[in-house]
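Me: Hi! I've got a model open and would like to talk through how it is put together. Can you walk me through it?

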Amino acid sequence: MKYFRQMKTLQFREAVCEAMSEEMRRDESIYLMGEEVAEYNGAYKASKGMLDEFGAKRVIDTPISENGFTGIAIGSAMNGNRPIVEYMTFNFSLVAIDQIINNAAKMRQMSGGQFNIPIVFRGPTASAGQLAATHSQAFESWYANCPGLKVVVPSNPADAKGLLKSAIRDNDPVIFMESEQMYGDKGEVPEGEYLIPLGVADIKRKGKDVTIVSFGKIIKEAYKAAETLAEEGIECEIIDLRTVRPLDYEAIFESVKKTNRLVILEEAWPFGNVSTEITYQVQNQIFDYLDAPIVKINTADTPAPFSPNLLEEWLPNSEDVVKAVKKVLYRD
């Protein structure tokens with residue numbers, strides 16, 4: 001008899017809050033710190049009610065000093081705590097990138113294994129409407145390029161909760177990237193305790209004609225494209241990476257072996273990103289299974305514009321995906 005979990009509907013922000021709260025109840029060494037996470041209930045209300053439950057020693061408002069509070073969190077992790085650090089946006093993590101790259105990512109190796117750094121750095125990444133060039137950058141490939149860091153980018157509330165709980169329990173530093181435009185998204189989330197392992201992709205839609213790989217909020221454009229293409233009899237298989245480091249290459253390989261075609265959709269600048277790495281690995285490992293060149297879809301190779309018309313042109317969309325699929329199927 002198959003067991004079915006009871007489900008409930010949560011917003012993305014509620015799933016994040018629930019994951020943090022459940023883990024903080026389980027382990028007193030876990031705490032949350034960041035700008036406006038406490039008194040204001042979080043800039044995006046992802047920590048609503050946590051100050052009331054856990055108190056000011058475990059839900060901590062910080063000054064506007066990412067470099068300072070990131071360093072404090074790393075030091076406390078070296079001394080047995082398990083911090084969760086929220087950035088109001090990952091654009092602001094650039095102020096703390098020395099701490100993240102040179103301390104959190106490297107401390108275990110540099111100490112000969114004496115120090116683990118069980119810490120989660122979380123907050124929104126990539127574009128969120130008209131926030132202009134310095135607040136619209138995607139940092140997944142930046143941090144995934146650094147050994148010692150794990151990088152997680154969920155696309156829905158259920159994955160967000162299960163992945164965040166796993167990230168909090170992990171003994172290595174995890175970059176957990178969300179989206180301002182997803183915090184209000186609603187979705188079914190399993191009741192009770194559940195974890196999603198890091199480094200395991202998920203096939204969100206089965207298909208036989210072409211594989212589409214994506215992650216984060218931009219994957220919604222892949223879903224729209226798949227619906228459009230289904231009307232023409234084209235069946236797309238959609239893989240949500242969920243974690244970009246470690247990356248589940250085997251899930252991609254197995255799908256491409258079946259479909260023989262690959263389109264990669266990523267909200268990032270086109271030079272040296274996650275889709276570039278996937279393209280290389282597929283061509284290196286399973287080249288003989290490809291019946292067409294791989295197509296990757298990225299943003300325009302410019303800083304994000306403020307103008308809504310230009311921003312619409314800058315971002316990949318479902319029409320771009322439809323064109324790419326038809327191209328690898330030689331139907332363009």
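Reply: Happy to, and one term first: buried means under 20% relative accessible area, exposed means over 50%, and partly exposed is in between, with a 1.4 Å probe and protein chains only. Helices (H or I, at least four residues) and strands (E, at least two) are DSSP runs, numbered from the N terminus. With that in hand, 5 of the 5 residues of strand 5 are buried, so strand 5 is largely enclosed by the rest of the structure.

Me: Good. What should I know about where the values come from?

Reply: This is a predicted model, where local features need pLDDT of at least 70 and side-chain atom pairs count only at pLDDT 80 or more, while totals for chains, interfaces and linings use all residues. Residues are numbered from 1 along each chain as its sequence is written, and side-chain values use heavy atoms, with hydrogens and water left out.

Me: How many helices and strands are in the protein chain?

Reply: The protein chain has 12 helices and 14 strands. Its radius of gyration is 20 Å, close to the 20 Å that the globule rule gives for 332 residues, so the chain is as compact as a globular protein of that length. The radius is taken over C-alpha atoms, and the rule is 2.2 Å times the number of residues to the power 0.38. Along the principal axes, the C-alpha trace spans about 60 × 50 × 45 Å.

Me: And what share of the residues is buried?

Reply: Buried residues account for 56% of the 332 in the protein chain. For contacts (heavy atoms within 4.5 Å) between residues at least 6 apart in sequence, 81% join residues at least 24 apart.

Me: How far apart are the mean positions of the positive and negative charges?

Reply: They are 4 Å apart, for 36 positive and 48 negative charges. Lys and Arg count as positive and Asp and Glu as negative, leaving out His and the chain ends. Each charge is placed at NZ of Lys, CZ of Arg, CG of Asp or CD of Glu.

Me: Back to strand 5, then. Which strands does it pair with?

Reply: Two strands pair if DSSP finds at least two bridges between them. Strand 5 (residues 120–124) runs parallel to strand 7, joined by 5 bridges, and Phe121 stands opposite Ile175 there. Strand 4 (residues 82–86) also pairs with strand 5 in the parallel sense, over 3 bridges, with Glu86 opposite Arg122.

Me: What about strand 7, is it covered or open?

Reply: Mostly covered: strand 7 (residues 174–178) has 5 of its 5 residues buried. Val174, Phe176 and Glu178 point one way, Ile175 and Met177 point the other way, and all are buried. In a regular strand the side chains alternate between the two faces of the sheet. Strand 7 is also joined in parallel to strand 6 (residues 150–152) by 3 bridges, where Val152 stands opposite Phe176.

Me: Which elements cover the buried residues of helix 4?

Reply: In helix 4 (residues 97–104), the buried residues are Gln99, Ile100, Ile101 and Ala104. Their cover includes helix 3 (66–78), helix 5 (107–110), strand 5, helix 6 (140–144) and strand 7.

Me: New topic: where does Ile60 lie, and which residues is it in contact with?

Reply: Ile60 lies in strand 3 (residues 59–61) and is partly exposed at 24% relative accessible area. Leaving aside neighbours within four places in sequence, Ile60 is in contact with Tyr31, Leu32, Met33, Gly34 and Val37.

Me: Last one. What's the backbone doing at Glu36 and Pro246?

Reply: Most residues other than glycine have a negative phi, and most peptide bonds are trans. Glu36, not a glycine, has a positive phi of about 70°; it is found in the loop between strand 2 (30–34) and helix 2 (50–54). Asn41 is in the loop between strand 2 and helix 2 too, with a positive phi of about 65°. As for Pro246, a cis peptide bond joins Arg245 to it, with omega about -5°.
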